[in-house]
Amino acid sequence: MKKIEAVVKPFNLDEVREALAEVGVTGLTVTEVKGFGRQKGHTELYRGAEYVVDFLPKVKIEVVVSEKLVEPAIEAIVKAARTGKIGDGKIFVTAVEQVVRIRTGETDEAAI
């Protein structure tokens with residue numbers, strides 16, 4: 001099992017969710033986050049004063065999938081979230097040792 005964490009622009013969330021559902025991902029967790037990479041923020045004008053926005057709003061999508069769904073899930077996220085512009089986001093994949101469904105006590109693949 002693998003955990004896929006994708007940090008993407010907020011307006012791409014619905015497209016990514018739909019793309020993941022199409023490849024068989026049944027559940028996900030979404031968190032509103034802020035951060036920056038190569039974008040390094042930007043300046044904005046508010047009531048005549050200029051100020052720097054260092055951290056940009058993003059959403060972090062987390063899914064745990066079986067080994068066979070890792071590549072299709074990554075491809076679905078990339079296809080749905082890519083705009084071709086800086087700040088499209090990143091995907092991180094890590095190993096998951098154990099999963100337990102609290103309600104039933106199911107473990108590992110059965111708990112996903």
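The structure is a predicted model, in which local features need pLDDT of at least 70 and side-chain atom pairs count only at pLDDT 80 or more, while totals for chains, interfaces and linings use all residues. Residues are numbered from 1 along each chain as its sequence is written, and side-chain values use heavy atoms, with hydrogens and water left out.

The position of Phe36 is the loop between strand E2 (29-35) and strand E3 (42-46). Helices (H or I, at least four residues) and strands (E, at least two) are DSSP runs, numbered from the N terminus. Phe36 and Phe55 stand 19 residues apart along the chain, and 5.5 Å separates their C-alpha atoms.

We turn next to the charged side chains. How many salt bridges does a search of the whole structure find? The search gives 5, where a salt bridge is a side-chain nitrogen of Lys or Arg within 4 Å of a carboxyl oxygen of Asp or Glu. One of these joins Glu5 to Lys60, and their closest N and O atoms are 3.4 Å apart. This pair links distant parts of the chain, for Glu5 belongs to strand E1 (residues 2-8) and Lys60 to strand E5 (residues 56-65), 55 residues apart. Glu5 has 17% relative accessibility, so this residue counts as buried. Lys60 has a relative accessible area of 23% and is therefore partly exposed.

A salt bridge also forms between the side chains of Lys9 and Asp88, with an N to O distance of 3.9 Å. Here too the pair links distant parts of the chain: Lys9 sits in the loop between E1 and helix H1 (13-22), and Asp88 sits in the loop between helix H2 (70-81) and strand E6 (89-95), 79 residues apart. Both Lys9 and Asp88 are buried.

Arg17 and Asp14 are about one helical turn from each other because they are 3 residues apart in H1. Arg17 is partly exposed, with a relative accessible area of 40%, and Asp14 is partly exposed at 46% relative accessibility.

Helix H1 also takes part in a packing arrangement with helix H2. Two packed helices are described by the angle between their axes and the distance between the axes. The axes of H1 and H2 come within 8 Å and cross at roughly 150°. H1 is therefore roughly antiparallel to H2. The axes are lines fitted to C-alpha atoms, for helices over the stretch in contact, and angles run from 0 to 180 degrees between N-to-C directions. Angles under 35 degrees count as roughly parallel, over 145 as roughly antiparallel, 65 to 115 as roughly perpendicular, and the rest as oblique. The crossing of H1 and H2 is right-handed, a label used if the near helix is turned clockwise from the far one by less than a right angle, with left-handed used if anticlockwise.

Which residues of H1 and H2 meet? Glu15, Val16, Ala19 and Leu20 in H1 meet Ala73, Ala76, Ile77, Ala80 and Ala81 in H2; such contact means heavy atoms within 4.5 Å. By class, this contact holds 8 nonpolar, no polar and 1 charged residues. Ala, Val, Leu, Ile, Met, Phe, Trp, Tyr, Cys and Pro count as nonpolar, Asp, Glu, Lys and Arg as charged, and the others, Gly among them, as polar.

Val78 also lies in H2, and at 29% relative accessibility Val78 counts as partly exposed. Val78 and Arg101 are 23 residues apart in sequence, while their C-alpha atoms are 29 Å apart in space.

Strand E5 contains Pro57. The C-alpha atoms of Pro57 and Lys9 are separated by 7.3 Å, although the two residues are 48 residues apart along the chain. Not counting residues up to four places away in sequence, Pro57 touches Pro10, Val33 and Lys34.

Ser66 occupies the loop between E5 and H2 and is buried, with a relative accessible area of 12%. Leaving aside neighbours within four places in sequence, Ser66 is in contact with Glu109 and Ile112. Asp108 lies in the segment after E6. Asp108 has a positive phi of about 50° although this residue is not a glycine, and at 31% relative accessibility Asp108 counts as partly exposed.

Note on methods. Buried means under 20% relative accessible area, exposed over 50%, partly exposed in between (1.4 Å probe, protein chains only).
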